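This report considers selected helix packing and charged contacts. Please examine the structure before reading on.

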Amino acid sequence: MTIKIVLADDHIIVRDGVKAVLERKGKDLSVVAEVGNGKELLEWASSNDADVYVVDISMPLLNGVEAVQRLVKMKPSTKVIILSMYDDRVAVEKSLKAGAKGFIVKVSTADEIVEAIHEVAAGRFYLCSKVSKYIVQGFLGKTSGRKRDVTGLTPKEKEVLQLIAEGYSSKQIAKTFNLSLNTIHVHRNNIMKKLSIHKQAELVRYAIKEGIAQL
């Protein structure tokens with residue numbers, strides 16, 4: 001039985017590389033779609049189905065973690081593997097809490113990528129060797145006591161925050177979401193108030209630190 005896969009990554013060269021690996025190593029694996037950001041992923045999934053989604057954690061417009069969270073909410077049985085440049089604990093924790101079933105880093109071996117897809121397709125979890133060290137009792141049960149908690153933001157506020165951190169102006173953000181400039185200003189003010197941040201530079205640093213946007 002063929003496992004249908006969707007690749008979500010804004011770098012075409014990465015998608016090509018992963019696709020080549022799957023075609024070479026996985027005789028039962030088939031890439032049925034490729035998308036370049038989280039919004040395209042959700043649009044594709046709204047009218048199509050796949051067995052496993054391999055999603056880059058860092059994508060423009062809508063990052064991988066937020067996209068996965070929305071995808072799983074839309075389709076609870078969705079099986080997702082997060083693909084990341086980094087193996088830090090925060091990224092792993094956020095990915096699993098969002099609903100991902102697997103986490104692999106981009107330097108993983110070809111065999112590891114294929115194994116991850118087979119494991120997740122079968123309904124099991126998979127963490128590559130570089131992040132398996134984070135499996136400890138109560139891993140998902142505890143959160144830090146930081147006052148600035150991004151989970152207090154609405155989904156739209158998270159999207160706006162990502163675009164702010166990516167350098168979009170308020171006018172560009174308004175055009176992206178087809179909203180009024182005043183509405184974007186309201187979102188920006190609400191974000192700053194909730195996070196107790198009052199400067200643009202601090203807002204950008206926070207978004208990067210929390211994995212909402214990448215450098």
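This is a predicted model: local features need pLDDT of at least 70, side-chain atom pairs count only at pLDDT 80 or more; totals for chains, interfaces and linings use all residues.

## Salt bridges between separate elements

A search of the whole structure finds 14 salt bridges. One of them pairs Glu34 with Arg15, with the closest N and O atoms 3.0 Å apart. Because Glu34 belongs to strand β2 and Arg15 to helix α1, this pair ties together parts that are 19 residues apart in sequence. Arg15 is buried at 13% relative accessibility, whereas Glu34 is partly exposed at 31%.

Asp56 and Lys106 form a further salt bridge, at 3.4 Å from N to O. Asp56 is in strand β3 and Lys106 in the loop between β5 and α5, so the pair links parts that are 50 residues apart in sequence. Asp56 is buried, with a relative accessible area of 3%; Lys106, at 24%, is partly exposed.

Within helix α3 (residues 64-74), Arg70 and Glu66 are four residues apart, about one turn of the helix. Their salt bridge has its closest N and O atoms 3.3 Å apart. Glu66 is buried at 7% relative accessible area, while Arg70 is partly exposed at 23%. Salt bridges with shared partners join Lys39, Glu66, Arg70, Lys156, Lys158 and Glu159 into one network.

## Packing of α6 against α8

The axes of helices α6 (residues 155-165) and α8 (residues 181-195) come within 10 Å and cross at roughly 95°, which means that α6 is roughly perpendicular to α8. The contact includes Val160, Leu161 and Ile164 from α6, and Ile191 and Leu195 are among the residues of α8. Its residues comprise five nonpolar, two polar and four charged.

How values were computed: Residues are numbered from 1 along each chain as its sequence is written. Side-chain values use heavy atoms; hydrogens and water are left out. Axes are lines fitted to C-alpha atoms, for helices over the stretch in contact, and angles run from 0 to 180 degrees between N-to-C directions. Helices (H or I, at least four residues) and strands (E, at least two) are DSSP runs, numbered from the N terminus. Angles under 35 degrees count as roughly parallel, over 145 as roughly antiparallel, 65 to 115 as roughly perpendicular and the rest as oblique. Contact means heavy atoms within 4.5 Å. Ala, Val, Leu, Ile, Met, Phe, Trp, Tyr, Cys and Pro count as nonpolar, Asp, Glu, Lys and Arg as charged, and the others, Gly among them, as polar. A salt bridge is a side-chain nitrogen of Lys or Arg within 4 Å of a carboxyl oxygen of Asp or Glu. Buried means under 20% relative accessible area, exposed over 50%, partly exposed in between (1.4 Å probe, protein chains only).
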